[in-house]
Amino acid sequence: MAWKSMEPILEMRGITKSFPGVKALDDVNLKVARGEIHALVGENGAGKSTLMKVLSGVYPHGSYEGEIFFEGRPVAFSGISNSEKIGIIIIHQELALVPLLSIAENIFLGNEIATAGVIDWPETNARTEALLRKVGLREKPSTRVDTLGVGKQQLVEIAKALSKEVKLLILDEPTAALQENDSEKLLDLLLEFKSHGISSILISHKLNEVKRVADTITVLRDGRTVSTLDCQAEQISEEHIIRDMVGRDMAHRYPERTPKIGETLLEVSGWNVWHPLQSERQMIRNVSLTVAAGEVVGIAGLMGSGRTEFAMSLFGRSYGRNISGTVKLRGSEIDVSTVNRAIANGLAYVTEDRKALGLILEENVLRNTTLASLMRVARNGVIDNAEERQVAERYRRALGVRTPSVFQKVMNLSGGNQQKVVLGKWLFTEPEVLILDEPTRGIDVGAKFEIYGIINELAGQGKGVLMISSEMPELLGMCDRIYVMNEGAIVGELAASEASQEKIMSMIVRSKSNV
Amino acid sequence: MSELSAHQRKTAEGLGEAKAEAAMSSIGSHLQTHVREYGMLIALVVIMGFFQVMTDGTLMRPVNLTNLVLQNSYIVIMALGMLLVIVAGHIDLSVGSVAGFVGAVAAVMLVQYDISPLGVIPACLLLGFVIGAAQGYWIAYWRIPSFIVTLAGMLVFRGLTLWVLAGQSVGPFPRSFQLLSTGFIPDLFGVGRPNVTAILLGAITAAALVFMAMRNRQRHTKYGMEDEPFAFFLAKNGLIAAAIVFLSYLLSTYRGFPNVLITMAVLTVIYTFLTNSTTVGRRIYALGGNEKAAKLSGIRTERLTFLTFANMGMLAALAGLIFAARLNTATPKAGVGFELDVIAAVFIGGASMSGGVGKITGAVVGAFIMGVMNNGMSILGIGIDYQQVIKGLVLLAAVIFDVYNKNKAA
C-alpha cells in the first residue's frame, strides 16, 4: 500500500454544484492516488457525470464551489482544453469519433502533426501504429473508423487519449456497449496502464468489473460522497457496494416471482429475414420460438447475433427484407406486417436504444406515454386533454416514474425513468406479448430492480415477456426459459433450472465451430 | 393496472408537489420560463410602437392597417402550412413559385376561358394540393431530401408560370374574384363609418377568446396542471382582448374587416386547433421530433409527410389566388421570394430547424413582425437595400435569442 503515503494525483474538496432548483453535487470529496484505478459508482443521477464535468472543465471554474488540486497544485479550468493540457483526459460514454475519418486522422484530430498546416503523414502513421500497439488494436492507421465495431472504436478513443500524454484517464461507462470479451480486454488495458503509472477513474454500473480492477471505490448518492472503499485493505462484496449506492439493503438483485405459466401465447415459426441492403445476406435463419402466458423468455447471444434484428423484423417488419414465417397468437395466425397491425394484434416492442428509437426527447412524459395509442385518448381525431392527462398520471404512478410532473420533457429524466416512460407507452397499448430489448441497458442498480419488478408484475398478469439481454446474469435471474441465438439462428434452449453462463457460452461457441 | 399498485403507493406524492410549485411561481419566473412564447409577441408590439413613433402615427392609421393586413395575408396563410412542414423536419422552397403558378393558371382560366370564379377557386386549390402531393411523394416515399425536391419544384413552377402566361401579365379579373382579397365585410347595420359590424365582430372575438381561455384555465386548474399566475393570466388576456377591440375599432373607421382577414383568422384558428388538439397534429410533432421512434410507435410517417406537403401546396395555391386577386393581374414575377419571407416568419416564430418544435401562433406573429417591418420601413422611405439587410439581421437575432435561451435552460 505504498501509494497511500504518496501524494494524491487528484484531490477534489468540497465540490458543490447547483443548477436552478437542484443541488447536483453537495460537498463531494474525491481523492485519487497516483497510479491507481479509482472506481466511481452510484445510481444514475447520483452526480457522477456532473462531478467529472466539473473536473474536466466542462463546467468552468467559478460555476461551482470547492477546490481541485492536481499533482498538489490548485487548478482552475475554464474549459476542457485546459484540463487536457495538463493530462486529464475524459472518454465519454458516447464516443466522440468522426466515423468517416481514418483511425490516424481521428487520433490526431485537432492535434495534428504538421508544419505550417501541412500534415506529416509518415510521422502521423508511425505514431498511430505505435499507439495502436499499446492498446492492442491490430488495425491499419488508414482504416476508416466506421468500419470498426464499438469495442475497437473505444480502443481508438483510448489511443487518442494516450497521444496526449495522459496522466489521469477518465472513462465514463466504457463497457456499457461492449461484449463480454471486449470488456475484458479493456479492463486488462487499464491494469496495464496502471503498471505504467497512469491513474484512471472508472465510472461503471457493472460491479463485477469494478471489483475486478478497482483499487479504491468512491460511492456517490444523491450528490454526496457516501463512502470510499479500499479494495486492497478488505474484501468488498457487491452487496456492500449496492447497499451504499441505493441506501438500502438489497437482499436479492432479482425480485422473486412464482411463475404461473399458462397457455402458449406467441408462437413464431420458420422466421427468415434477409439484410435490407445486401440481398444475398440472410440475417435470421429459420427461427422458431414460443412464449406462454405468464412466462418470461430470454434470448441470449452475442452482440450482432441477430436478436434485435429478429425482434424488429417481427414487429411490423421494421427491419430487413423478404421476411417469411408465421406468427400465431393463442393458436391463430396474426398479421404483423406493419407496426400498427402488430400493435393491434397484441405485440409491443421496447427498443434497445431508447433515445434514438424509443422516445421523442423534446416532448414531455405525457405525450410520450400516449404516442403509440393516441386514438385511445381521442374522439374523432381530437385529443381529450383531461383523459390523456389521467392516463399519463396513471402510468407515472404505476411505474414509479420520478419526474416533477408529466409535463417534464423526457430528455431531462434519468435513464431509468426514461425507460419507465417507454414501458408506460407500451403498456398503454395493452399488449399481450412484450418484447423487451435490453430493457436495463445503461440504467442504475436501483432502477434496474424496479424494472425487474415491473416485468414480474406483467408476467403475473398473464402477459408474455420476451426479453433480449446481453447481461447473462440478468437473463438467468429473470427468465423461465432461455433461447440462445447465434448468427441469426436459435442454437439452443434452456430451462431456467438448467441454465448457466457456461452452458450458454458453450452453446454459442459450439454452434460457431459447426458453421 | 390494479396489480401494479405496489408502485403506486411509492410515488403518489407527485400531484401535490406540482401544486405547491405552481403557487410559489411568481409572475417574473413565469415570464422567464416562457420567455420565448411571449418574447416575440412583445417584440412585435415594440416594433409596432417604434414605427408608430417614427412614422408620426402613419403605421396605425386605419388605411395603412388595412393595407398591412392585405399585404401580409398570403405570407401568413403560407406560414401556417410551412410551420407544419418545418415541424415535420422538412422545408418547402417551392411555395413562392407554386403560388405564382396557381395565380397564373387562375388568371388564364378566368380571363382567357371565361370560367366562373366559383369553378376556378376550387379547381386551383385542388391543383395546389396535387402539386404539393407530387412533391411530397418523392420526399415521403422515396426519401429524397425535401430541400432538393422543392428546389427543383421552385425552378419547375417558375418556368411553368412563364409558360402559362406566355411571358405576359394577364388581367384584369371579374369583380367577384377580386373580392377574395380586396372585398370587405359589409356593415349589416348600415352605418358605414365606423363600421359597426367590424367593431361587433372584434368584440365578439375578444370575448370568445377570453371565455375560452378561462374555460381552459378552469380545466387545467381542476387537474392541477396550471402554472400561470392568475394576475398574469388576467393581464395577458385583458391586453390581448383590448388590442383586438382597439384594432377592430381602427379598421372600422376605414372600410371594416377585409375578407382576407376573416380567411386568415379562420385558418389560424383551424391550424392552431389542428396542432394543439388533434392526433394528426400530435403525430406531426412526433414525426419531426424523432421519426424512427414515431414509426416504431405505429405512426405512418410516410403518409403524414406526404399529407403535410399536400396541405402546404393547397395553402400556397390559396395564397397565390389572393395575391393575384389583390393585384388584379397575374404576372410572371408573382410570388418571387415569397418562400424566404414565409420560412423566415416560421423561424422568427420559434420553430426549430431540426423539427419537432414550433407553434402556429409563433409563425403568425413572426409573419406580422416581418410584415410590420416591411411596411414601416417602406413608409419611412428606407431603400430596399437596407430593408433586406435589416430583415436578415432580425431573423438572425431571433434565432440567436432562441439558441441563447435554450443554452441557458440546459
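1. Domain bounds here come from an automatic or database domain assignment. The model is a predicted one, in which local features need pLDDT of at least 70 and side-chain atom pairs count only at pLDDT 80 or more, while totals for chains, interfaces and linings use all residues. Residues are numbered from 1 along each chain as its sequence is written, with chains lettered from A and ligands numbered from 1 in the order in which they are written.

2. Domains of chain B. The assignment gives domain 1 (34-183 + 258-409) and domain 2 (189-257) in chain B. The C-alpha centres of these two domains of chain B are 25 Å apart. Eight residues of domain 1 of chain B are in contact with seven residues of domain 2 of chain B, a contact being two C-beta atoms, placed from the backbone, within 7 Å. On the domain 1 side of chain B, helix H5 (62-87) and helix H12 (259-277) each supply at least two residues. H5(B) has the largest share of that side, four residues. Helices (H or I, at least four residues) and strands (E, at least two) are DSSP runs, numbered from the N terminus. By class, that side of domain 1 of chain B has seven nonpolar, one polar and no charged residues. Ala, Val, Leu, Ile, Met, Phe, Trp, Tyr, Cys and Pro count as nonpolar, Asp, Glu, Lys and Arg as charged, and the others, Gly among them, as polar.

3. Chain A overall. Chain A has 18 helices and 24 strands. Its radius of gyration is 24 Å, close to the 24 Å that the globule rule gives for 515 residues, so chain A is as compact as a globular protein of that length. The radius is taken over C-alpha atoms, and the rule is 2.2 Å times the number of residues to the power 0.38. The C-alpha trace of chain A spans about 70 × 50 × 50 Å along its principal axes. Of the 515 residues in chain A, 48% are buried. Buried means that 20 or more other C-beta atoms lie within 10 Å of the residue's own, exposed that 12 or fewer do, and partly exposed is in between; C-beta atoms are placed from the backbone.

4. Domains of chain A. Here the assignment gives domain 1 (2-87 + 165-246), domain 2 (97-163) and domain 3 (264-514). The C-alpha centres of domain 1 and domain 2 of chain A lie 26 Å apart. Ten residues of domain 1 of chain A are in contact with eight of domain 2 of chain A. Helix H7 (residues 180-195) of chain A gives the most to the domain 1 side, with four residues. That side of domain 1 of chain A divides into seven nonpolar, one polar and two charged residues.

5. Contact between the chains. Chain A contributes 38 residues and chain B 31 residues. On the chain A side, the elements giving two or more residues include helix H11 (339-344), strand E20 (382-383) and helix H16 (445-460). H14(A) gives the most to this side, with seven residues. The chain A side comprises 20 nonpolar, nine polar and nine charged residues.

6. Nonpolar cores. A nonpolar core is a set of buried Ala, Val, Leu, Ile, Met, Phe, Trp, Tyr and Cys residues joined through C-beta atoms within 7 Å. The largest has 184 residues, and Ile435(A) and Met78(B) are among those that touch the most other members. Helix H15 (residues 301-327) of chain B supplies the largest share of this core, 17 residues. Another core, of 66 residues, lies apart from it and includes Leu10(A) and Val54(A).

7. Helix H15 of chain B. In H15(B), 23 of the 27 residues are buried. The end C-alpha atoms of H15(B) are 39 Å apart, which agrees with the 39 Å that its 27 residues should span at 1.5 Å a residue. The expected span is 1.5 Å times one less than the number of residues. Just after H15(B), Asn328(B) takes a positive phi of about 60°.

8. Two buried residues of chain A. Pro431(A) is in the loop between helix H15 (415-427) and strand E21 (433-437) of chain A. Pro431(A) counts as buried because it has 21 C-beta neighbours inside 10 Å. Lys17(A), in strand E1 (residues 8-19) of chain A, is also buried, with 21 C-beta neighbours inside 10 Å. Beyond four places in sequence, Lys17(A) touches residues including Ala24(A), Val54(A) and Tyr64(A).
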